[in-house]
Amino acid sequence: MGDLVPGQPGEPERAGQSGQSGQPAANLRVGDADRNRVAEVLREAAGEGRLDLAELDERLDAVFAAKTYADLVPLTSDLPVTGSTPTPPASAIPAASVNPAERHLAIFGGFERKGGWTVPGELTVLAFCGGADLDLREATFSQRECTFTINAIMGGASVVVPPGVRVIMDGVGILGGYSGPRGPEETGPGSPTLRIKGFAIMGGVDVRRRR
């Protein structure tokens, strides 16, 4: 799981506040995974005709030379990118300044998120005769508290969270199941909270905690 947002619940940090190291979030160092995600965005943009080969080469050189998040952000700022450009770890993101939202449909099909991805502040999933699989074990939380609205109608959804994440279940099953982790979880003051709500009609939503 990625870094967590520090601070006590109910005390959001102010926009522009520095991260744990005392420096602005944009000045934190990036890793290879961050560079690779931006490179993939640029390659997709070139494939869609948004960048020519010269521009692609120039930006890729800048990507792999980038040292901080501030170096990466301008490289995709003029591209229609959603959720692919890396952001600083949640430990450096003011809780009140980040509130992304995503909506996904799994209708007679599937939707999957796993590996290293950024958990949005709000995620809505409708599984109608389909399935959704969300694995948060290697994910980074964009906020101290994130909310998933998962509705399953003759379909199903599976959510896997790592230890240390507080899970609040607000869902209901109607001729179906809406289940979450059993037993208390040991969390610290900076641990993220995942609130899961919605309904399951002749379907199921299953949230489990795994290492």
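Methionine 202 counts as exposed because its relative accessibility is 51%, where exposed means over 50%, buried under 20% and partly exposed in between (1.4 Å probe, protein chains only). You'll find methionine 202 in the loop between strand 11 (193–201) and strand 12 (204–209). This is a predicted model, where local features need pLDDT of at least 70, side-chain atom pairs count only at pLDDT 80 or more, and totals for chains, interfaces and linings use all residues. Residues are numbered from 1 along each chain as its sequence is written, and side-chain values use heavy atoms, leaving out hydrogens and water.

**The whole protein**
- It has 3 helices and 12 strands; these are DSSP runs numbered from the N terminus, with helices being H or I of at least four residues and strands E of at least two.
- Of the 211 residues in the protein, 40% are buried.

**Helix 1**
- Helix 1 (residues 32–47) has 16 residues that should span 22 Å at 1.5 Å a residue, and its end C-alpha atoms agree, sitting 22 Å apart; the expected span is 1.5 Å times one less than the number of residues.
- Its buried residues are Asp34, Arg35, Val38, Ala39, Val41, Leu42, Ala45 and Ala46.
- They cover an arc of only 155° around the axis, so they lie on the same side of helix 1; the arc is that of the directions from the helix axis to the C-beta atoms.
- Residues three or four places apart point the same way because an α-helix has 3.6 residues a turn.
- On the face turned away from the buried side of helix 1, you'll see the exposed residues Asp32 and Gly47.
- Just after helix 1, glycine 49 takes a positive phi of about 85°.
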